[in-house]
Structures are given as C-alpha cells and as structure tokens.
Amino acid sequence: MDARTEFWAMPRRFPPDFGGYRFLGKAVNEVGKAKFGPDWTGLEGTPPRLLMPQPVLGGIPFDGLAKPHERLAIDLLLQKHRPDFGRPIPERRAFGPVVAPFTSEQWDEGIRLAMESDERSLAIRRRFAAVVNSLIECLREGRMKSALRPKRGGDYSVFLPAAMWNAENLSDRFSLCQMNPRKPFDYGIAGDDYQLIFVDIEGLEVLLSSVSPSAGPAIPAWRKIIELKKNDPTLTKPKLAEHFGKMGKREFDRHWEKAREQYPLLQKAGRPSRQSDSD
C-alpha cells in the first residue's frame, strides 16, 4: 500500500483538533459528507483505477497491445465477476505474474467490466476534486484560514497568507495534507521539511453550512437568534449561543451584533420588562 492510499484509508490516525484548528484531511471528509451526503465514502483521495488504456484504435488496446498491468487488471476482473470463464490463476514468476491468453469473448467482457469500473472511479475522483476546489477557493479568498504544524507535534505557525493558496495546481497538498513552508509551490507531497496543514474550525463551519445539499435557503443565524429570544425572553446570550453549538464564538458574536441591531431587546441580559415586552 503506497503512502497516499494508506493515509486516506486510515482517517482514525489523523491528528486531533486543538486550539481552534482542524487537520486538513478531516476537513476534506467533512466537506465531502456535507456536499455529497451518503455518496461520500472517505476513500475519494485514492480510488482504484483498474484500466488506463493507451489511445490505440479508439482508446482500447487489443489483448496483444495491452500493457502487462492492464492484462492483469482485466484478468482479475474476469476472475471476480465472471468465474464461469474458468480462467487459471496467473502464474507467479520472477518478473511478475504471467496472465493466460484471452479469448475474444473474454477480452471484450473484461474491457466492458473495466470501463464500468473506470467510470465509477472517475465519479469518485470528481467528487474529491470538487471538495478540494471548494476548500482552496475558501482559503484563497480568506474566508477560512490555514496554518502549519510540525509532524511530530507542537505549536502552530502564524496564519498563512491567503496568497499561499493562489496557484493553479495545489492538488499535491491534498495527497498527505502536508506542505513545505520553504517551497510552498513545489510539486512534492512529503519530506523532512514538510509540515501538516490545519484550517481554522470557525471558517470551516461556515463553509460546511454553505455546501450542504440539503441546507436549502437556510434562515440567517441572526434571525434565528431573534426568534429564539421572542419565544423565550428569559434567554441570555450564553443560553442563546448553546443553540448554535457548532458555530465558533467569533462567528456567533457577529450574528449576535446583527440581531441586536434589528431587535434592541437583545441588549437585555435577562427577561425584558413588561413594558418592553409589549413594544
């Protein structure tokens, strides 16, 4: 198992939240679930692609023109999905497995199965790319902040400038969610100088609330604060904040100030007077 596959296959190993930061790998999966619901598997970072044919005669090579790894992929598909063909197990040799010849029927069926697998893999990759693009856009525009942390642990760096996310191809940063602060735009994925990427939870929560496919035209938080206060005038600011458990303090404070502008009774710490209640 290569490093990238192992990384995305074991999210339980991702670093924990600390000090208002969340590891980028966790953020990817959270945005993916919010954006695609149950279709998000968590393995989108490394979907298997079983066949990568060269552009020969329309894009699909004949058995004799296929590369060894393509022939092996076809053989494995047939053994899994078409045992009725009775294909022998590839013979293991010093230079790799030797696949038995295919009949025309077997090869055509194998290509069909491979194309179906590739289509599923492509859909998974598109989901991953959509999530990555959402995160990059948010970071580039400054709506979410990022910082680095040494792989062995310790304090976070200062927030990275938004310009650190202003580049055309940043997909390598999402292979292992690491970055080299000395060479931030290099095409590497790991090394001694690389550090783990974290994002601020407050900005992430705002993004999550905006990408959920089931969110629909959500009621603004400040308006919900007003409605809660009207329904229960005894609610104080701390009690109201409890209704927005996933929202960061600074974000809640912004909505609180907006709500106070629209509904002055929120300036009261507790239950308003009878006279104010009747206004």
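Reply: Let's start with Asn180, which counts as buried because its relative accessibility is 7%, under the 20% cut-off. Bear in mind that this is a predicted model. Asn180 belongs to the loop that runs between β5 (178–179) and β6 (195–200). Its side chain comes within reach of the backbone nitrogen of Arg182, at 3.0 Å. If you set aside neighbours within four places in sequence, Asn180 is also in contact with Asp193 and Tyr194.

Now to the aromatics: the structure holds 15 aromatic pairs. One of them joins Trp8 and Phe14 edge-to-face, with 6.0 Å centre to centre and 90° between the planes. Both partners are buried, Trp8 with a relative accessible area of 1% and Phe14 with 7%. Phe36 and Trp40 make a stacked pair, 6.3 Å centre to centre with 10° between the planes. Here Phe36 is partly exposed at 24% relative accessibility, whereas Trp40 is buried at 7%.

Trp8 and Phe14 also belong to one aromatic cluster, whose members include Phe128, Tyr156, Phe159 and Phe198. Phe159 has Lys145 over its face, 5.6 Å from the ring centre.

Another ring with a charge over it is that of Trp165: the charged end of Arg173 sits 4.7 Å from its centre. Trp165 is touched by Arg140 too, as are Ala162 and Asn166. Arg140 itself is part of helix α4 (residues 104–140) and is partly exposed, at 34% relative accessible area. Arg140 and Ala162 are 22 residues apart in sequence, yet their C-alpha atoms are 4.9 Å apart.

Definitions and conventions: Residues are numbered from 1 along each chain as its sequence is written. This is a predicted model: local features need pLDDT of at least 70, side-chain atom pairs count only at pLDDT 80 or more; totals for chains, interfaces and linings use all residues. Side-chain values use heavy atoms; hydrogens and water are left out. Helices (H or I, at least four residues) and strands (E, at least two) are DSSP runs, numbered from the N terminus. Buried means under 20% relative accessible area, exposed over 50%, partly exposed in between (1.4 Å probe, protein chains only). A polar contact is a pair of N or O atoms within 3.5 Å; within protein, one must be able to donate a hydrogen and the other to accept it, and residues adjacent in sequence count only if both atoms are side-chain atoms. Contact means heavy atoms within 4.5 Å. Rings of Phe, Tyr and Trp (its six-membered ring) pair if their centres lie within 6.5 Å; planes under 30 degrees apart count as stacked, over 60 as edge-to-face and the rest as tilted. A charge sits over a ring if NZ of Lys or CZ of Arg is within 6 Å of the ring centre and within 35 degrees of the ring normal.
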